[in-house]
Amino acid sequence: MKENLSFRNVTKVTTHVLQEMKNKGEKIAMLTAYDYSIARILDSTGIDVILVGDSASNVMAGHSSTLPITLNEMIYHASSVVRGVKRALVVVDLPFGTYQGNSKEALNSAIRIMKESGADAVKMEGGKEVLESVDRILSAGIPVMGHLGLTPQSIHKFGTYVVRATTEEEAAKLVQDAHLLSDAGCFGIVLEKIPAKLGARVTREVPIPIIGIGAGGKVDGQVLVLHDMLGITLEFSPRFLRRYHNLAEEVKGAVDRYINDVKSLDFPNEREQY
Ligand code: KIV
């Protein structure tokens, strides 16, 4: 495995650091977090980017889609994460319904996230259709990350989570959208669940960092939802997901032992009381 840790000692990851990483060919590692304690642990590992994703709607709140989460809830998660992070770049999803209406609403939502959470950047789904909002947010000095391919906030339009941009027409639109976002000044783009070849093409053609989730290995970096890669959400098993742990089993094992210890009067012992 190629060892390349040259950016690990930067004290704060900025959008400029990510661009340098792309330019030098060093891969970017990104994971989601939604709370202070986990964010602290992630930050101590040297992770480059922490995404406060609207996947919080699924993995934290138990909704079946990302649509119900509100701006106030995202700000709550984001401010908790920011308090635990010193080094990583913290990016926060603009939730569904807070930017699609018009660019003024989009700017107000982005400003609220930046002001009330202290995050470093926002992310929003879509290409040409959200460009006016992207422009307006960028002109207020707020860094924006795009999100193309499978865009979970539009799930009701597509009705399925299958691989996106498999036809020539869809692929051409995705490439065009990626160029538009890059030309507008976005600092990066997430590409979700698209053919690896298309991920590689966008990464070659577009100068800003491209972070994939199910977009193959030839992109500039990878992102996974923390609960999926740690094995907390076992029911979710797409092909792109590599599980690094089976935390659900570990938690159950620990809780089983605790229950036994309580019931058998083993806990607390003499040293565990006053
Ligand atoms: O909300 C989220 O976690 C995301 C990732 C899937 C990229 O947008």
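Helices and strands here are DSSP runs, numbered from the N terminus. The model is a predicted one, and in it Lys193 takes up a positive phi of about 50 degrees even though it is not a glycine.

Ala165 belongs to the loop between α7 and α8. Its relative accessibility comes to 8%, so Ala165 falls under the 20% limit and is classed as buried. Thr166 is also part of the loop between α7 (155-158) and α8, but Thr166 has a relative accessibility of 54% and is therefore classed as exposed, the limit being over 50%.

Helix α8 covers residues 168-184, and Ser182 is part of it. Ser182 has a relative accessible area of 10%, which makes it buried. Setting aside residues up to four places away in sequence, Ser182 touches Val206, Pro207 and Ile208.

Now for the ligand. It is surrounded by 13 residues, and the closest are Gly53, Asp54, Ser55, Asp93 and Lys123. By residue type, the shell splits into five nonpolar, four polar and four charged members. For Ser55, the separation between a polar side-chain atom and an oxygen atom of the ligand is 2.5 Å. For Asp54, an N or O atom of the side chain is 3.0 Å from a ligand oxygen, and for Asp93 the figure for a polar side-chain atom is 3.1 Å. On its own the ligand has 260 Å² of accessible area, and the protein covers 96% of it.

With a relative accessible area of 13%, Ser55 is under the 20% limit and so counts as buried. Beyond its neighbours within four places in sequence, Ser55 makes contact with Thr32, Tyr34, Met60, Thr66 and Val225.

Two strands also come into the picture. Asp93 and Lys123, both among the residues closest to the ligand, have numbers that fall within β3 (residues 89-93) and β4 (residues 121-125), respectively. These two strands run parallel and are joined by three bridges. Within the pair, Val92 stands opposite Val122 of β4. Strand β4 is largely enclosed by the rest of the structure, because five of its five residues are buried. That goes for both of its faces: Ala121, Lys123 and Glu125 are buried on one side, and Val122 and Met124 are buried on the other.

The peptide bond leading from Phe267 to Pro268 is cis, with omega near 0 degrees. Pro268 itself is in the segment after α11 (247-263).

Definitions and conventions: Residues are numbered from 1 along each chain as its sequence is written. This is a predicted model: local features need pLDDT of at least 70, side-chain atom pairs count only at pLDDT 80 or more; totals for chains, interfaces and linings use all residues. Side-chain values use heavy atoms; hydrogens and water are left out. Helices (H or I, at least four residues) and strands (E, at least two) are DSSP runs, numbered from the N terminus. Buried means under 20% relative accessible area, exposed over 50%, partly exposed in between (1.4 Å probe, protein chains only). Contact means heavy atoms within 4.5 Å. A residue is near a molecule or strand if one of its heavy atoms lies within 4 Å of it. A polar contact is a pair of N or O atoms within 3.5 Å; within protein, one must be able to donate a hydrogen and the other to accept it, and residues adjacent in sequence count only if both atoms are side-chain atoms. Accessible areas come from the Shrake-Rupley method with a 1.4 Å probe; for residues, only the protein chains shown count as cover. Ala, Val, Leu, Ile, Met, Phe, Trp, Tyr, Cys and Pro count as nonpolar, Asp, Glu, Lys and Arg as charged, and the others, Gly among them, as polar. Two strands pair if DSSP finds at least two bridges between them.
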